[in-house]
Amino acid sequence: MRSHTAEPSLPPPGSSAPEPPPHKPGFDHGHPATAGARALQRLADHVNTRALVLLRATVGIVFLGFGVLKLFPSASPAEQLAVDAATKMTLGLVPETVLLLSLAALETAIGIGLIAGGRLLRPTLVAFFLHMGGVFSTLLLLPDAMWQPHSPAPTMEGQYVVKNVVLVAVCLVVAADAWGSGSRSSRRPDGTDRTTSG
């Protein structure tokens with residue numbers, strides 16, 4: 001018997017090769033990596049559009065939590081450190097109880113203002129940066145508590161203060177957007193200030 005093999009059919013001379021079928025949009029169930037990449041992209045886009053709200057809300061929650069803790073005696077581990085620094089700033093003229101309640105009220109108000117945003121955001125940011133100035137001044141006002149002896153390394157309390165640079169950086173970004181958007185919205189298309197008359 002003769003073996004018969006089928007020859008592959010070739011297109012006639014001058015004709016182009018058949019094109020592959022077009023790719024239809026949709027989910028590639030056979031490619032989980034591609035679907036995962038799209039999911040990550042959607043998540044990234046979602047976070048990116050709400051990044052500023054996320055930043056100020058998280059800092060606000062931190063401040064609100066720390067402020068509320070100071071309303072309860074000995075509940076905050078930073079309580080005595082904050083009182084000692086504030087006592088030095090006020091030259092010992094203000095009772096410690098008043099200082100602690102004032103700090104608690106200030107931090108709570110900053111937390112609420114950052115979370116709420118809107119018209120409260122700008123004055124809250126001013127209060128935040130003033131407060132941070134006081135916080136970082138403890139590195140100079142309380143050197144024995146902030147720095148290890150015979151070493152430039154900070155103590156645990158000093159590290160507690162230094163890590164606030166992260167909060168400052170976050171609020172600088174929020175402030176840049178808040179004041180930048182305000183300056184843009186206050187100008188007409190021709191570049192003149194909307195708030196000026198005439």
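A pocket is here an open set of grid points with protein on both sides within 12 Å along at least five of seven lines, and its lining residues are those with an atom within 4 Å of a point. In this predicted model, the largest pocket holds about 380 Å³ of space. It is lined by 23 residues, of which Ala82, Leu103, Glu107, His131 and Val135 are the closest to its centre. Helices H2, H3, H4, H5 and H7 each supply at least two residues of this lining, and the largest share, six residues, comes from H5. In composition the lining of the largest pocket divides into 16 nonpolar, four polar and three charged residues.

Of its 198 residues, 26% count as buried. Among contacts between residues at least 6 apart in sequence, 60% join residues at least 24 apart.

The largest nonpolar core contains 22 residues, and the members that touch the most others are Val59, Phe63, Leu114, Leu125 and Phe128. Two or more residues of this core are contributed by each of the helices H2 (51–69), H3 (79–89), H4 (96–116), H5 (121–141) and H8 (165–185), with H8 giving the most, at seven residues. The surroundings of Leu114 illustrate the packing within this part of the model: when residues up to four places away in sequence are not counted, Leu114 touches Arg56, Ala57, Val59, Gly60, Leu121, Thr124, Leu125 and Cys171.

A search of the whole structure for salt bridges finds one. This salt bridge is formed by Lys70 and Glu107, whose closest N and O atoms are 3.1 Å apart. Because Lys70 lies in the loop between H2 and H3 whereas Glu107 belongs to helix H4, the pair ties together parts that are 37 residues apart in sequence. Both partners are buried; for Lys70 the relative accessible area is 4%, and Lys70 therefore falls in the buried class, for which the cut-off is under 20%. Apart from residues up to four places away in sequence, Lys70 touches Ser76, Ala82, Leu100, Leu103, Ala104 and Glu107. Three of these contacts lead back to the pocket, since Ala82, Leu103 and Glu107 are among the lining residues closest to its centre.

Helix H3 includes the buried residues Glu79, Leu81, Ala82, Val83, Ala85 and Ala86. The elements that cover the buried residues of H3 include H4, H5, helix H6 (143–146) and helix H7 (156–162). Just after H3, the backbone at Leu91 takes a positive phi of about 60 degrees, although Leu91 is not a glycine.

Leu91 is found in the loop between H3 and H4, and at a relative accessible area of 71% it is exposed. A positive phi, near 60 degrees, is also present at His150, which is likewise a residue other than glycine. His150 has its place in the loop between H6 and H7 and, at 89% relative accessibility, counts as exposed. Both loop residues thus contrast with Lys70, which is found in the loop between H2 and H3 and is buried.

Technical notes. Residues are numbered from 1 along each chain as its sequence is written. This is a predicted model: local features need pLDDT of at least 70, side-chain atom pairs count only at pLDDT 80 or more; totals for chains, interfaces and linings use all residues. Side-chain values use heavy atoms; hydrogens and water are left out. A nonpolar core is a set of buried Ala, Val, Leu, Ile, Met, Phe, Trp, Tyr and Cys residues joined through side-chain atoms within 4.5 Å. Buried means under 20% relative accessible area, exposed over 50%, partly exposed in between (1.4 Å probe, protein chains only). Helices (H or I, at least four residues) and strands (E, at least two) are DSSP runs, numbered from the N terminus. Contact means heavy atoms within 4.5 Å. A salt bridge is a side-chain nitrogen of Lys or Arg within 4 Å of a carboxyl oxygen of Asp or Glu. On a 1 Å grid over the protein atoms alone, a cavity is a set of points where a 1.4 Å probe fits but cannot get out, and a pocket is an open set with protein on both sides within 12 Å along at least five of seven lines; lining residues have an atom within 4 Å of a point. Grid points are joined across faces, edges and corners, and a volume is the space filled by probe spheres set on the points. Ala, Val, Leu, Ile, Met, Phe, Trp, Tyr, Cys and Pro count as nonpolar, Asp, Glu, Lys and Arg as charged, and the others, Gly among them, as polar.
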